Amino acid sequence: MSHETYELTAVKRDRAGKGSSRALRRNGQIPAVIYGDKKAPVSIALPYKEVHLKIHAGGFMTTIATINVDGEKIQVLPKDYQMDPVRGFTTHVDFLRVSRNTMVTVEVPVHFLNDEAAPGIKRGGVLNVVRHEVEVECPANAIPDALEIDLTGLDIGDSVHISAVKLPKGVTPTITDRDFTIATIAAPAALRSEEGEEAEEAAAEEAGNGEEE
(Lines give C-alpha, C1' and ligand atoms only; values in the text may rest on other atoms or scores of the structure.)
Protein backbone atom coordinates (compact mmCIF):
# COMPACT_ATOMS: atom_id res chain seq x y z
CA MET A 1 0.00 0.00 0.00
CA SER A 2 1.01 3.64 -0.43
CA HIS A 3 1.74 4.30 3.23
CA GLU A 4 1.98 2.33 6.44
CA THR A 5 -1.28 1.79 8.25
CA TYR A 6 -2.07 4.08 11.17
CA GLU A 7 -4.59 4.34 14.01
CA LEU A 8 -6.94 7.17 14.96
CA THR A 9 -8.97 7.46 18.15
CA ALA A 10 -12.57 8.55 17.73
CA VAL A 11 -15.69 9.05 19.81
CA LYS A 12 -19.25 8.34 18.73
CA ARG A 13 -21.45 11.36 18.16
CA ASP A 14 -25.18 11.25 18.63
CA ARG A 15 -26.13 14.52 17.01
CA ALA A 16 -25.73 15.41 13.34
CA GLY A 17 -26.29 18.59 11.37
CA LYS A 18 -24.42 21.80 10.65
CA GLY A 19 -24.68 23.14 14.18
CA SER A 20 -23.18 20.01 15.69
CA SER A 21 -20.42 19.92 13.08
CA ARG A 22 -19.46 23.53 13.72
CA ALA A 23 -19.32 22.85 17.47
CA LEU A 24 -16.99 19.91 16.86
CA ARG A 25 -14.63 22.00 14.72
CA ARG A 26 -14.50 24.72 17.35
CA ASN A 27 -13.34 22.01 19.78
CA GLY A 28 -10.57 20.80 17.45
CA GLN A 29 -12.50 17.83 16.11
CA ILE A 30 -13.83 16.82 12.70
CA PRO A 31 -17.09 14.97 11.96
CA ALA A 32 -16.82 11.70 10.06
CA VAL A 33 -18.84 8.59 9.29
CA ILE A 34 -17.95 4.89 8.97
CA TYR A 35 -20.18 2.82 6.67
CA GLY A 36 -20.22 -0.40 4.64
CA ASP A 37 -19.77 -4.11 5.32
CA LYS A 38 -23.59 -4.44 5.63
CA LYS A 39 -23.55 -2.65 8.99
CA ALA A 40 -25.27 0.51 10.16
CA PRO A 41 -23.29 3.71 9.63
CA VAL A 42 -21.48 5.09 12.67
CA SER A 43 -21.13 8.85 13.13
CA ILE A 44 -17.87 9.75 14.85
CA ALA A 45 -15.65 12.68 15.76
CA LEU A 46 -11.88 12.60 15.14
CA PRO A 47 -8.99 14.88 16.15
CA TYR A 48 -8.91 17.53 13.43
CA LYS A 49 -5.14 18.10 13.36
CA GLU A 50 -4.28 14.39 12.96
CA VAL A 51 -6.75 13.86 10.12
CA HIS A 52 -5.78 17.07 8.30
CA LEU A 53 -2.08 16.13 8.45
CA LYS A 54 -2.81 12.62 7.13
CA ILE A 55 -4.76 14.02 4.19
CA HIS A 56 -1.92 16.34 3.18
CA ALA A 57 0.86 13.79 3.76
CA GLY A 58 -0.13 11.88 0.59
CA GLY A 59 -1.58 8.41 0.08
CA PHE A 60 -4.56 9.13 2.31
CA MET A 61 -7.15 7.62 -0.04
CA THR A 62 -5.17 4.40 -0.61
CA THR A 63 -4.02 3.63 2.95
CA ILE A 64 -5.97 1.39 5.32
CA ALA A 65 -6.38 2.83 8.81
CA THR A 66 -7.69 1.56 12.13
CA ILE A 67 -10.19 3.73 13.95
CA ASN A 68 -10.64 3.07 17.65
CA VAL A 69 -14.26 3.97 18.42
CA ASP A 70 -14.82 3.80 22.16
CA GLY A 71 -12.60 0.71 22.38
CA GLU A 72 -13.83 -1.00 19.20
CA LYS A 73 -11.13 -1.11 16.52
CA ILE A 74 -12.49 -0.85 12.97
CA GLN A 75 -10.37 -1.20 9.83
CA VAL A 76 -11.31 1.41 7.26
CA LEU A 77 -10.31 2.97 3.96
CA PRO A 78 -11.01 6.67 3.36
CA LYS A 79 -13.53 7.04 0.53
CA ASP A 80 -14.12 10.79 0.43
CA TYR A 81 -13.44 14.02 2.26
CA GLN A 82 -14.80 17.53 1.98
CA MET A 83 -12.89 20.77 2.34
CA ASP A 84 -14.02 24.35 2.81
CA PRO A 85 -13.64 25.90 -0.68
CA VAL A 86 -12.55 29.28 0.71
CA ARG A 87 -10.48 28.59 3.81
CA GLY A 88 -9.17 25.15 2.82
CA PHE A 89 -9.80 23.29 6.07
CA THR A 90 -11.20 19.74 6.13
CA THR A 91 -14.90 19.64 7.02
CA HIS A 92 -15.89 15.94 6.87
CA VAL A 93 -14.50 12.48 6.08
CA ASP A 94 -16.22 9.28 4.90
CA PHE A 95 -14.63 5.93 5.76
CA LEU A 96 -15.48 2.50 4.35
CA ARG A 97 -15.24 -0.58 6.59
CA VAL A 98 -12.86 -3.12 5.05
CA SER A 99 -11.70 -6.68 5.59
CA ARG A 100 -9.38 -9.08 3.76
CA ASN A 101 -12.18 -9.94 1.36
CA THR A 102 -13.24 -6.37 0.62
CA MET A 103 -12.74 -5.25 -2.97
CA VAL A 104 -12.30 -1.50 -3.39
CA THR A 105 -12.08 0.96 -6.27
CA VAL A 106 -9.22 3.43 -5.92
CA GLU A 107 -7.17 5.87 -8.00
CA VAL A 108 -3.54 4.66 -8.13
CA PRO A 109 -0.80 7.13 -9.17
CA VAL A 110 1.36 6.42 -12.23
CA HIS A 111 5.16 6.61 -11.95
CA PHE A 112 7.39 6.79 -15.02
CA LEU A 113 10.83 5.16 -14.98
CA ASN A 114 13.98 5.35 -17.15
CA ASP A 115 13.19 8.49 -19.10
CA GLU A 116 16.92 8.79 -19.77
CA ALA A 117 16.67 5.56 -21.79
CA ALA A 118 13.89 6.86 -24.04
CA PRO A 119 15.32 7.92 -27.45
CA GLY A 120 12.34 10.20 -28.04
CA ILE A 121 13.02 12.19 -24.87
CA LYS A 122 16.76 12.35 -25.66
CA ARG A 123 15.85 13.91 -29.01
CA GLY A 124 13.88 16.63 -27.24
CA GLY A 125 10.51 14.91 -27.17
CA VAL A 126 8.08 15.64 -24.35
CA LEU A 127 6.39 13.08 -22.12
CA ASN A 128 2.70 13.87 -22.48
CA VAL A 129 0.92 12.26 -19.51
CA VAL A 130 -2.69 11.51 -20.39
CA ARG A 131 -3.49 9.85 -17.04
CA HIS A 132 -1.59 10.73 -13.86
CA GLU A 133 -3.74 8.16 -12.02
CA VAL A 134 -5.51 4.99 -13.10
CA GLU A 135 -8.71 3.81 -11.44
CA VAL A 136 -8.45 0.13 -10.46
CA GLU A 137 -10.35 -2.47 -8.50
CA CYS A 138 -8.32 -4.52 -6.04
CA PRO A 139 -8.38 -6.14 -2.58
CA ALA A 140 -8.42 -3.53 0.19
CA ASN A 141 -5.30 -5.05 1.75
CA ALA A 142 -3.34 -5.08 -1.53
CA ILE A 143 -3.61 -1.56 -2.91
CA PRO A 144 -0.47 -0.87 -4.97
CA ASP A 145 1.73 2.13 -4.16
CA ALA A 146 1.82 3.09 -7.84
CA LEU A 147 1.70 1.69 -11.36
CA GLU A 148 5.23 1.79 -12.79
CA ILE A 149 5.79 2.42 -16.49
CA ASP A 150 9.19 1.84 -18.11
CA LEU A 151 9.94 4.39 -20.83
CA THR A 152 13.01 2.51 -22.13
CA GLY A 153 13.13 2.48 -25.93
CA LEU A 154 10.19 4.78 -26.53
CA ASP A 155 10.57 7.24 -29.41
CA ILE A 156 8.69 10.31 -30.58
CA GLY A 157 5.17 9.30 -31.54
CA ASP A 158 5.11 6.21 -29.32
CA SER A 159 2.30 5.67 -26.82
CA VAL A 160 1.95 3.66 -23.62
CA HIS A 161 -1.36 1.84 -23.19
CA ILE A 162 -2.73 0.06 -20.14
CA SER A 163 -2.03 -3.31 -21.80
CA ALA A 164 1.70 -2.55 -21.50
CA VAL A 165 1.51 -2.09 -17.72
CA LYS A 166 2.27 -5.08 -15.51
CA LEU A 167 -0.48 -4.99 -12.91
CA PRO A 168 -0.08 -6.69 -9.51
CA LYS A 169 -2.10 -9.84 -8.88
CA GLY A 170 -5.77 -9.09 -8.20
CA VAL A 171 -5.56 -5.56 -9.60
CA THR A 172 -7.72 -4.76 -12.65
CA PRO A 173 -8.52 -1.43 -14.32
CA THR A 174 -12.13 -0.32 -14.08
CA ILE A 175 -12.10 0.61 -17.78
CA THR A 176 -12.25 -2.72 -19.60
CA ASP A 177 -13.79 -1.89 -22.96
CA ARG A 178 -10.66 -0.35 -24.52
CA ASP A 179 -6.87 -0.31 -24.32
CA PHE A 180 -6.66 3.27 -23.06
CA THR A 181 -3.61 5.52 -23.39
CA ILE A 182 -1.64 6.54 -20.31
CA ALA A 183 1.12 8.62 -21.95
CA THR A 184 2.71 9.51 -25.26
CA ILE A 185 6.07 10.88 -26.39
CA ALA A 186 5.21 14.08 -28.24
CA ALA A 187 7.47 15.89 -30.71
CA PRO A 188 9.15 19.08 -29.42
CA ALA A 189 7.47 22.34 -30.44
CA ALA A 190 10.35 23.27 -32.78
CA LEU A 191 10.07 19.98 -34.66
CA ARG A 192 6.29 20.34 -34.93
CA SER A 193 6.76 23.81 -36.38
CA GLU A 194 9.26 22.53 -38.95
CA GLU A 195 6.94 19.70 -39.94
CA GLY A 196 4.06 22.15 -40.25
CA GLU A 197 6.10 24.47 -42.49
CA GLU A 198 7.20 21.53 -44.65
CA ALA A 199 3.59 20.40 -45.00
CA GLU A 200 2.51 23.91 -46.00
CA GLU A 201 5.32 24.16 -48.57
CA ALA A 202 4.41 20.76 -50.02
CA ALA A 203 0.75 21.78 -50.24
CA ALA A 204 1.71 25.03 -51.97
CA GLU A 205 3.89 23.17 -54.46
CA GLU A 206 1.05 20.75 -55.26
CA ALA A 207 -1.33 23.65 -55.76
CA GLY A 208 1.16 25.34 -58.06
CA ASN A 209 1.66 22.20 -60.12
CA GLY A 210 -2.08 21.82 -60.45
CA GLU A 211 -2.42 25.34 -61.85
CA GLU A 212 0.36 24.72 -64.42
CA GLU A 213 -1.45 21.67 -65.69
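Helices and strands here are DSSP runs, numbered from the N terminus. With that naming in hand, we can walk through this predicted model, starting with a loop. N114 is found between strand β7 (103-113) and helix α3 (119-122), in the loop that links them. The phi of N114 is near 60 degrees, a positive value in a residue other than glycine. With a relative accessible area of 32%, N114 is partly exposed, because that value falls between the 20% limit for buried and the 50% limit for exposed.

K38 has a positive phi of about 60 degrees as well, although K38 is not a glycine. Look for K38 in the loop between β2 (29-36) and β3 (39-47). Its relative accessible area is 89%, so K38 counts as exposed.

Another loop to visit lies between β4 (65-69) and β5 (72-83), and this is the place of G71. G71 is exposed, with a relative accessible area of 61%. Its C-alpha lies 9.1 Å from that of A10, while 61 residues separate G71 and A10 in sequence.

From the loops we can turn to a sheet. Strands of a sheet pair through backbone hydrogen bonds, and the pairing can be parallel or antiparallel. In this model, four strands form an open sheet with mixed pairing, in the order β10-β7-β9-β12. At its edges are β10 (147-150) and β12 (172-173), each of which pairs on one side only. Strand β9 (residues 133-139) and β12 run antiparallel and are joined by two bridges. If you find E137, you can trace its bridge partner to T172 in β12.

Now for the side chains. A pair of aromatic rings is described by the distance of the centres and the angle of the planes. The structure holds one aromatic pair. Its members are F60 and Y81, with ring centres 5.9 Å apart and planes at 75 degrees, so the pair is edge-to-face. F60 lies in the loop between α2 (48-57) and β4, and Y81 in strand β5, so the pair ties together parts that are 21 residues apart in sequence. F60 has 5% relative accessibility and therefore counts as buried, whereas Y81 is partly exposed at 29%.

K54 lies over the face of Y6, 4.4 Å from the ring centre. The ring of F180 has the charged end of R131 over it, at 4.5 Å from the centre.

Conventions. Residues are numbered from 1 along each chain as its sequence is written. This is a predicted model: local features need pLDDT of at least 70, side-chain atom pairs count only at pLDDT 80 or more; totals for chains, interfaces and linings use all residues. Side-chain values use heavy atoms; hydrogens and water are left out. Buried means under 20% relative accessible area, exposed over 50%, partly exposed in between (1.4 Å probe, protein chains only). Two strands pair if DSSP finds at least two bridges between them. Rings of Phe, Tyr and Trp (its six-membered ring) pair if their centres lie within 6.5 Å; planes under 30 degrees apart count as stacked, over 60 as edge-to-face and the rest as tilted. A charge sits over a ring if NZ of Lys or CZ of Arg is within 6 Å of the ring centre and within 35 degrees of the ring normal.
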